[in-house]
Amino acid sequence: MPSTIGWLDTTHEQQRVARELVALFMESESRDELGIAQIRDVMSNWLFPGTSVLQARARYFVLVPWCYQVAEERKRRKPSLDLRSTARDVQRDMVEVMKRDHPDAGGLIGKQLGRRVKGLPSDLFWSGLETFSIYRSNVEVPRADPREEGEVTELATRATTQWDPNVPKRPPEFPHSVPHGLDMSEAEAEWLAERIRSGRERTYLAHLLTLDPRTVTAAAHPWDVPSTNHFLELDHARRFSHLMHGASLVYNRLLAQRYKAMPELTRLDGAALVDDYEEQIHAWARSTHADNGIAGWDLDGFKVEVSRRNPRISRRTWEFVTAWTTMVHERGPSAVAESAEAEDLITRREQRKGSKSRLSGNVRMLDSWGGASGNGLLTYRWGTIPTLIADINGGRGTQELADAHP
């Protein structure tokens, strides 16, 4: 029977977490084979608060509030309507219109299924809408004075609002038409940039908004963006990613060795995979230096910062991270990669999965291995961040400004 994930009466955040888990599971470099996802997620939130791997285009931060505004207007005309259900209906209308009018837009939600898509924009962007205070639950707003306005306005009848009052003006024909598709106007981009920076001016995400989007888009990893600014979280992220990359390569080499040793497994070329991971491990060892290794890294400070943001990370997880990084520091990356003690550490860590462990002698589980699992660098949502930055800074005219002043 195939595995499924069911959504009953879950919250937006629970749905987002479940869908992000599925998205990460589909990417081999993001599979959490060694149980470090909680640390990775802390670093992702520290670097890029309010984002997720599911947020393909920035204009949805504008489109979702518009959908709810339409739903609120419909509910005022017909109070018996359920606001959440109505908002989802409006989103489905918008998705269908976007599919019809802007089918070539990158990152388009519902590109294939249209209104039948399961993950609506609000499901994917809700965490960011709350983080950036675009959605504000029970926030008091001033009442309009009818004597000053000359008439009783809508604002006069409302004591609270759930949305930032400065959300850019909605086109009158929305959602039956979505002018410009997923391209942001200058007003929309300026507003969203302000919401992202507000209270988070010192985050790396806010810093990226000050740069030419071309330099961001050209970077393969978040730490490759040219900058004279120093960000502690970026240094921690780079070192943790590089050091854990070595552990993931050793893990995959162990799988290749086990696969090669089992003659009944013939789907993959085990010998070739062993050789390939040997080369990758040697390359990792050669690339380990002062900027991305353990030397000069305040590991204790890293643990304090991460634990403060998520105190639920287990003792065993920290023991594994500490043991691996200590081995790399004391023996050197080349020696530790060939160390039986290091291999035993990784084997014991992976075997926490019990019957689902591929290193426990379970032939069926090993046969399901595709040749690479969790073997890439941790990049902390970088797959989507450059596009979000380009959407916002492109709309703000940053690109044109950079062209005018090289």
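Tryptophan 163 is buried, with a relative accessible area of 4% (buried is under 20%, exposed over 50%, partly exposed in between; 1.4 Å probe, protein chains only). This is a predicted model, where local features need pLDDT of at least 70, side-chain atom pairs count only at pLDDT 80 or more, and totals for chains, interfaces and linings use all residues. Residues are numbered from 1 along each chain as its sequence is written, and side-chain values use heavy atoms, leaving out hydrogens and water.

**Exercise 1.** Classify the ring pair of tyrosine 68 and tryptophan 163.

*Solution.* 
- Recall the rule: rings of Phe, Tyr and Trp (its six-membered ring) pair if their centres lie within 6.5 Å; planes under 30 degrees apart are stacked, over 60 edge-to-face, the rest tilted.
- The structure holds 18 aromatic pairs.
- In this one, the centres of tyrosine 68 and tryptophan 163 are 5.4 Å apart and the planes stand at 50 degrees, so the pair is tilted.
- Now place the residues. Tyrosine 68 lies in helix H3 (residues 60-77) and tryptophan 163 in strand S2 (residues 160-163), so the pair ties together parts 95 residues apart in sequence. Helices (H or I, at least four residues) and strands (E, at least two) are DSSP runs, numbered from the N terminus.
- Check burial. Tyrosine 68 is buried, at a relative accessible area of 6%.

**Exercise 2.** Classify the pair of phenylalanine 302 and tryptophan 318, and locate both residues.

*Solution.* 
- The centres of phenylalanine 302 and tryptophan 318 are 6.0 Å apart, with 85 degrees between the planes: edge-to-face.
- Phenylalanine 302 sits in helix H12 (residues 299-309) and tryptophan 318 in helix H13 (residues 315-331), 16 residues apart.
- Both phenylalanine 302 and tryptophan 318 are buried.

**Exercise 3.** Describe how helices H2 and H12 pack.

*Solution.* 
- Two packed helices are described by the angle between their axes and the distance between the axes.
- Helix H2 (residues 37-47) meets H12 at about 85 degrees, with axes 10 Å apart. Axes are lines fitted to C-alpha atoms, for helices over the stretch in contact; angles run from 0 to 180 degrees between N-to-C directions.
- That makes H2 roughly perpendicular to H12 (65 to 115 degrees; under 35 is roughly parallel, over 145 roughly antiparallel, the rest oblique).
- List the contact residues (heavy atoms within 4.5 Å). H2 gives Ile39, Val42, Met43 and Trp46; H12 gives Phe302, Glu305, Val306 and Arg309.
- Arginine 309 also lies over the face of tryptophan 46, at 3.8 Å from the ring centre (Lys NZ or Arg CZ within 6 Å of the centre and within 35 degrees of the ring normal).
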